[in-house]
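Hi everyone, thanks for making time this morning.

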Amino acid sequence: MSTGITMASMSTYAILGCGSVGYAVAEDLVDEGKDVLIIDVDDGRVEALRDQDLNAKTADIGDEAVPEAVADRDVLLILSTDIEANRAAIENVRADGSEQFIIARASDPVTADELREAGADAVVNPSKVIADAALRALETGELEHKARRLADVLDDTEEQLAILANDNPGPDSIASAVALQAIAEARGIEADILYDGEIGHQEDRAFVNLIGVELLARDAVEFDAYDRLALVDHAQSMERAIERPIDVLIDHHEPEEEYEAAFVDVRADVSSTSTILTKYVQEFDLNLDEAVATALLYGIRAETLDFKRDTTPADLTAASYLYPFADHDTLEQVESPSMSPETLDVLAEAIRNREVKGSHLVSNAGYIHDRDALARAAQHLLNLEGVTTSAVFAIDDERITLSARSKDIRINVRNVLEDAFEEVGEAVGHSTDATVTIPLGIFTGLETSDDNRETLLRLTEQAVRRKLFAALGVDDNGN
């Protein structure tokens, strides 16, 4: 229903039913210079309102004469605690053919629906409003408390803080480490970012180079020389055990192993650790450096597939805060890297060797040196017409590496890889993109040599395709 006016232009109001909620609304509207008429059935209350120079009249809001008394009002706020009286008031107003904007008070979702059906344009539930406000206050208070605790732990650093990112760290883990490093350094604490494995993806290497962050391999430093240790975005990746106390643990996944840490903030209700660190950046009132803002924004975007995967309101709020501070030219360069010759070769090989059953594509890219090329090839093949799930595998030294992508909401590709290769490899990733690495000899029982490369490839290809299609629920006929 349209009244032809906007809320900003509405200047005359009627409040029908003026308990504590109605009185609070009336006070605010009058303070803003609005013309407010109050109607309430209680004579004593009306007299008290008049004593405060408010325009108030005595009447039962459900009376059929009330619509005429408020006919000159732009907005009707029907706020009685008597929901039946509110419904009667709405029905009477609408029966007169009025198109006034009506806001009504409900007590629960059922009565809210009933009041909308009766003709209310908007419905409020004070109990829910209070609960939401209480939760926001709780969240704010909890963040303040956690920030103080984190500061206490960081401030106990005597020499240097080690921030250990995810194994083979991706954007979210790198960005979270960069933010924690900035928080520590703002408090006068020297901090290094460490990692295990390698920064394998081409986009991730470009990301590190463009924001100018220094990451150190754990094996290249004296790990025990650091007197404080923080883990960020590390819960689902730990090929090497950490045999020393952990002081800080921040993650958006529940740890696969139990840690005892002086400070723990694990929030499975957000989609990125970068979101959590953004909240701390705000709470510590950090003078936000462009590189840190760019890193955190990219971390959130990468973890949520540019807000298309498992995105929460907290992720969007954090991204909105970071957006004005970020270097968007750098983000564009990171997100659109040039394609290396090897990636082009792998993509060409994957296109030639593709096998499609139904909407699922599986391909063999042969022998590779750059495993990152597999992920890019899988993503490109997902764009082929009719394809909703793609998987590309190849032999790399002594391993088979397989990268899978899916845009089918019914499929969790990480679960698919776990089902297909649970006894021989460990899948990592998400519901829409995942990777699994398998020792080569598992399928063939042969050692790699120049003489048997083609045999290994052929045997591997048959085994991987068969297991993967079976896990996807596709039979030999493609059904």
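Let me start with the ring rule: rings of Phe, Tyr and Trp, the last by its six-membered ring, pair if their centres lie within 6.5 Å. Please keep in mind that this is a predicted model. With that rule, the count comes to four aromatic pairs.

Take Phe 207 and Tyr 298. Their ring centres sit 4.8 Å apart with the planes at 55 degrees, so we call this pair tilted. Phe 207 belongs to helix α8, while Tyr 298 belongs to helix α10, residues 290-303, so the pair ties together parts that are 91 residues apart in sequence. Both Phe 207 and Tyr 298 are buried.

Next, Tyr 280 and Phe 284 make another tilted aromatic pair, at 6.5 Å centre to centre and with 35 degrees between the planes. These two, Tyr 280 and Phe 284, are buried. Which residues do ring pairs link into a cluster? They are Phe 263, Tyr 280 and Phe 284.

Now for charges over rings. Arg 244 lies over the face of Phe 223, 5.3 Å from the ring centre. Lys 357 does likewise with Phe 469, at 4.8 Å from the ring centre.

Last stop, Asp 196. You'll find Asp 196 in the loop between β8 (191-195) and α8 (202-211). Is Asp 196 buried or exposed? Its relative accessible area is 5%, and buried means under 20%, so Asp 196 is buried. The side chain of Asp 196 also makes a polar contact with the side chain of Arg 218, at 2.6 Å.

Methods
Residues are numbered from 1 along each chain as its sequence is written. This is a predicted model: local features need pLDDT of at least 70, side-chain atom pairs count only at pLDDT 80 or more; totals for chains, interfaces and linings use all residues. Side-chain values use heavy atoms; hydrogens and water are left out. Helices (H or I, at least four residues) and strands (E, at least two) are DSSP runs, numbered from the N terminus. Buried means under 20% relative accessible area, exposed over 50%, partly exposed in between (1.4 Å probe, protein chains only). A polar contact is a pair of N or O atoms within 3.5 Å; within protein, one must be able to donate a hydrogen and the other to accept it, and residues adjacent in sequence count only if both atoms are side-chain atoms. Rings of Phe, Tyr and Trp (its six-membered ring) pair if their centres lie within 6.5 Å; planes under 30 degrees apart count as stacked, over 60 as edge-to-face and the rest as tilted. A charge sits over a ring if NZ of Lys or CZ of Arg is within 6 Å of the ring centre and within 35 degrees of the ring normal.
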